[in-house]
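Student: I have a structure open and would like to learn how to read its features one by one. Could you take me through it?

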Amino acid sequence: MSGSHTGGGGHAVVVGAGIAGLAAAHRLLEHGARVTVLEASERVGGKLLPGEIAGARVDLGAESLLARRPEAVGLARAVGLADRLQPPATASAALWTQGALRPMPKGHVMGVPGTAAALAGVLSDEGLARIERDAELPPTEIGDDVAIGEYVAERFGREVVDRLVEPLLGGVYAGDAYRISMRSAVPQLFEAARAHPTLTEAVRAVQAKTAAGRQTGPVFTGVAGGVGTLPLAVADSLRSRGVRILTGTPVTGLSREPGEGWRLVAGGEVLHADAVVVAVPAPAAAGLLRAEAPGAAAELSAVEYASMALITLAYRRDEARLPEGSGFLVPPVEGRGIKASTFASRKWGWIAEENPGLAVVRTSVGRHGETELLHRDDDELVELSRRDLKAATGLAAAPVAARVTRWDDGLPQYPVGHHARVARVRAHLAGLSGLAVCGAAYDGVGVPACIASAYAAADQVQGDLRAVQQLTAHPVQSLHGGAGE
């Protein structure tokens with residue numbers, strides 16, 4: 001049997017049981033493969049983690065899914081969660097800026113406005129006037145890629161970046177807008193900016209295209225019981241269809257068999273596969289690929305990651321008077337400890353229904369390169385969160401429970417040139433039939449992007465390269481799912 005085809009009973013091994021690995025296994029089953037999934041940790045789900053606080057079910061990782069892309073919602077429906085998909089009860093977030101919570105402006109693309117008026121109340125008069133000067137500036141040479149913060153600051157001034165682009169992008173990547181690739185992080189705006197002489201015209205072109213697409217319904221959705229239940233449901237569905245999922249089973253060796261196929265060493269067992277999908281973070285992928293694809297391994301070793309922590313707090317509802325809305329974002333220039341807060345029991349109707357006596361709030365801390373804060377112990381992070389919440393909202397009550405969830409090296413960074421690095425990784429792997437990579441390090445960090453990446457990888461090891469070529473050319477934009485995502 002050919003190493004690039006696992007149909008008709010071939011054996012495919014997926015390394016990693018995060019949402020990307022599970023989605024790849026799901027797709028491989030559809031192709032008719034016999035599938036084994038190997039996961040180093042003791043659980044499936046990766047960055048999607050269901051948990052509880054004070055008896056309430058909550059998410060301790062990602063909490064929402066982009067509903068305007070088909071992948072995550074489609075997978076949820078395929079594994080029996082259709083009746084549990086639930087949009088946010090409120091999607092009106094705020095910005096904690098210049099001493100007050102101010103409504104999140106409308107009429108922008110990832111914080112980049114189509115008119116100065118869209119940011120009235122958030123920017124100073126000088127900042128608003130600076131946006132208007134975009135029309136008088138000569139076109140900016142963008143080239144193959146550009147940092148979104150640098151480009152927007154050049155056209156609109158730094159205030160737009162510091163007050164709006166930075167908190168929105170920081171919520172997705174926990175990164176620095178002045179380093180983040182516009183081509184990879186905001187691909188629609190990148191394409192439009194190359195085609196229009198001013199940034200204002202580019203933003204309006206994106207907005208017009210979005211409006212013409214007439215996508216109705218919520219931009220985001222959640223899952224009753226938590227987005228963290230999605231990988232569990234996928235895993236249950238896979239097992240019921242004969243997939244072996246082995247947790248606590250790190251892969252320590254991956255090598256080409258003489259002739260065709262692959263040999264894996266995992267947890268003391270040797271497995272033979274016709275195809276392998278590597279669905280682990282870039283550093284682990286680099287380690288696995290070093291022997292057979294040293295060029296790809298070198299590129300993946302250079303991918304940087306940011307760490308963050310989520311602080312989940314439960315209050316007695318009658319003691320927690322919170323402002324309206326789903327929560328708020330905090331621009332880094334404000335110098336606060338937290339970068340966002342979600343009023344989870346207000347944002348997600350199912351939390352309120354299941355726990356009428358509780359108010360659940362979560363905050364997030366940590367950005368790329370910001371290690372000092374994350375070295376503090378859990379109690380200090382809880383105190384820091386309470387202090388900032390009180391300053392922002394007046395919430396002075398003591399929580400009845402608190403949980404800190406640390407995501408060390410949780411978010412891959414997409415600096416300028418990221419798309420070219422991903423293309424080089426795939427070029428290095430192109431000569432190895434039956435081997436593909438997927439996950440957050442490649443084409444987008446959101447759940448739909450990870451699933452799209454997984455489906456493309458599963459197709460690739462079947463010899464169908466169309467999806468992976470499409471993704472390499474057009475990454476999936478990962479939007480911000482409201483405050484605290």
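Tutor: Gladly! Let us begin with a helix on a sheet: helix 17 (residues 447-460) lies across strand 16 and strand 22, and runs at about 170° to strand 22. Helices here are DSSP runs of H or I with at least four residues, strands are runs of E with at least two, and both are numbered from the N terminus. Angles run from 0 to 180 degrees between N-to-C directions, with axes fitted as lines to C-alpha atoms, for helices over the stretch in contact.

Student: What should I keep in mind about the model itself?

Tutor: This is a predicted model, in which local features need pLDDT of at least 70 and side-chain atom pairs count only at pLDDT 80 or more, while totals for chains, interfaces and linings use all residues. Residues are numbered from 1 along each chain as its sequence is written, and side-chain values use heavy atoms, with hydrogens and water left out.

Student: In what order do the five strands of the open sheet stand?

Tutor: Strands of a sheet pair through backbone hydrogen bonds, either parallel or antiparallel. The five strands here follow the order 12-2-1-16-22, with parallel pairing; two strands pair if DSSP finds at least two bridges between them. Strand 12 (244-246) and strand 22 (435-437) are at the edges with a single partner strand each, so one side of each has no neighbour in the sheet. From one strand to the next, the twist averages 15°.

Student: How do I follow strand 1 and its partners?

Tutor: Look at the bridges. Strand 1 (residues 11-15) pairs with strand 16 (residues 275-278) in the parallel sense over four bridges, and Val14 stands opposite Val277 in strand 16. Five bridges join strand 1 to strand 2, again in parallel, and there Val15 faces Leu38 as its opposite residue.

Student: Which residues of strand 1 lie on each side?

Tutor: In a regular strand the side chains alternate between the two faces of the sheet. In strand 1, His11, Val13 and Val15 are on one side and Ala12 and Val14 on the other, and all are buried. Buried means under 20% relative accessible area, exposed means over 50%, and partly exposed is in between (1.4 Å probe, protein chains only).

Student: How do I read a nonpolar core?

Tutor: In soluble globular proteins, nonpolar side chains tend to be buried together. A core here is a set of buried Ala, Val, Leu, Ile, Met, Phe, Trp, Tyr and Cys residues joined through side-chain atoms within 4.5 Å. The largest has 47 residues, of which Val14, Leu28 and Val35 touch the most other members. Elements that give two or more residues to this core include strand 1, helix 1 (19-30), strand 2 (34-38) and helix 17. Helix 1 provides the largest share, eight residues. Another core, of 44 residues, lies apart from it and includes Val109, Val112, Val160 and Val206.

Student: What about two helices packed together?

Tutor: Two packed helices are described by the angle between their axes and the distance between the axes. For helix 17 and helix 18 (residues 466-473), the axes come within 7 Å and cross at roughly 140°. The two are therefore oblique to each other: angles under 35 degrees count as roughly parallel, over 145 as roughly antiparallel, 65 to 115 as roughly perpendicular, and the rest as oblique. Ala452, Ser453, Ala456, Asp459 and Gln460 of helix 17 meet Ala467, Val468 and Leu471 of helix 18, where contact means heavy atoms within 4.5 Å.

Student: Which residues have a positive phi without being glycine?

Tutor: Most residues other than glycine have a negative phi, and most peptide bonds are trans. Met110 is one case, with a positive phi of about 50°. This residue is in the loop between strand 9 (108-109) and strand 10 (112-113), and at 7% relative accessibility Met110 counts as buried. Ala174 also has a positive phi, near 50°. Ala174 is found in the loop between helix 5 (158-173) and helix 6 (182-185) and, at 0% relative accessibility, counts as buried.

Student: Is His474 buried, partly exposed or exposed?

Tutor: His474, in the segment after helix 18, counts as partly exposed at 45% relative accessibility.
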